Amino acid sequence: MLVPNEILSIWEKFNTFPMETLTKAWFYKKTDGKKQRDVSLMKEHHERYGITGNCFDLAIWLLHEFEKEGIEAYPIGHDLGTTEAHVAVIAKMKMADVIYATWETNG
C-alpha cells in the first residue's frame, strides 16, 4: 500500500513506542480521578519515564497527532461486541489514500 508522506511521517513517530499495560495499571492506582490520561500527560510520562501505554492510550495519542496535522481520522471497532480490547484508527487524506493502524491486546 502506498501511504502518503503526511500520514507516514506521523505514523513513524510511534515506531519505537511499545504497546504495554503496566502504565495503565500504575496510573489507575495513582489517581482517584479520571482514569484515562490525556495526550499531554501521556507525552509528559513518555518524556519523563520512557513509558507509553496500552492500545487505547496509543490510539488516542495517534488520533491527536493526526488531528493536529489536519488529517481526518477516527476510531473504529468500539461496537464489535468482543471481549478483547481492540482499537483501530482510520486516517485519510483523500478518498483514495487510506491507512489502517491498529493496536490489539487480549485482556
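Modeller: Since the model is predicted, local features need pLDDT of at least 70 and side-chain atom pairs count only at pLDDT 80 or more, while totals for chains, interfaces and linings use all residues. Residues are numbered from 1 along each chain as its sequence is written, and side-chain values use heavy atoms, leaving out hydrogens and water.

Biologist: How many salt bridges does the structure hold?

Modeller: A salt bridge is a side-chain nitrogen of Lys or Arg within 4 Å of a carboxyl oxygen of Asp or Glu. The structure has five. One of them joins Arg37 and Asp57, with the closest N and O atoms 3.2 Å apart. Arg37 sits in the loop between α2 and α3 and Asp57 in helix α4, so the pair ties together parts 20 residues apart in sequence. (Helices are DSSP runs of H or I, at least four residues; strands are runs of E, at least two; both are numbered from the N terminus.)

Biologist: Which residue forms a salt bridge with Lys13?

Modeller: Glu65, at 3.3 Å between the closest N and O atoms. Lys13 is in the loop between α1 and α2 and Glu65 is in helix α4, so that pair ties together parts 52 residues apart. Glu65 counts as buried because its relative accessibility is 4%, whereas Lys13 is partly exposed at 42%. Glu65 also meets Lys68 in a salt bridge (3.2 Å, N to O); Lys68 and Glu65 are three residues apart in helix α4, about one turn of the helix. Lys13, Lys43, Glu65 and Lys68 are linked in a network of salt bridges.

Biologist: And rings: what describes a pair of them?

Modeller: The distance of the centres and the angle of the planes. Rings of Phe, Tyr and Trp (its six-membered ring) pair if their centres lie within 6.5 Å; planes under 30 degrees apart are stacked, over 60 edge-to-face, the rest tilted. There are four aromatic pairs here. Phe14 and Phe17 have ring centres 5.2 Å apart and planes at 65°, so they are edge-to-face. Phe14 also pairs edge-to-face with Trp61, at 5.8 Å and 80°.

Biologist: Is Trp61 buried or exposed?

Modeller: Buried, at 5% relative accessible area. Ring pairs link Phe14, Phe17 and Trp61 into a cluster.

Technical notes:
Buried < 20%, exposed > 50% of the residue type's maximum accessible area, 1.4 Å probe, protein only.
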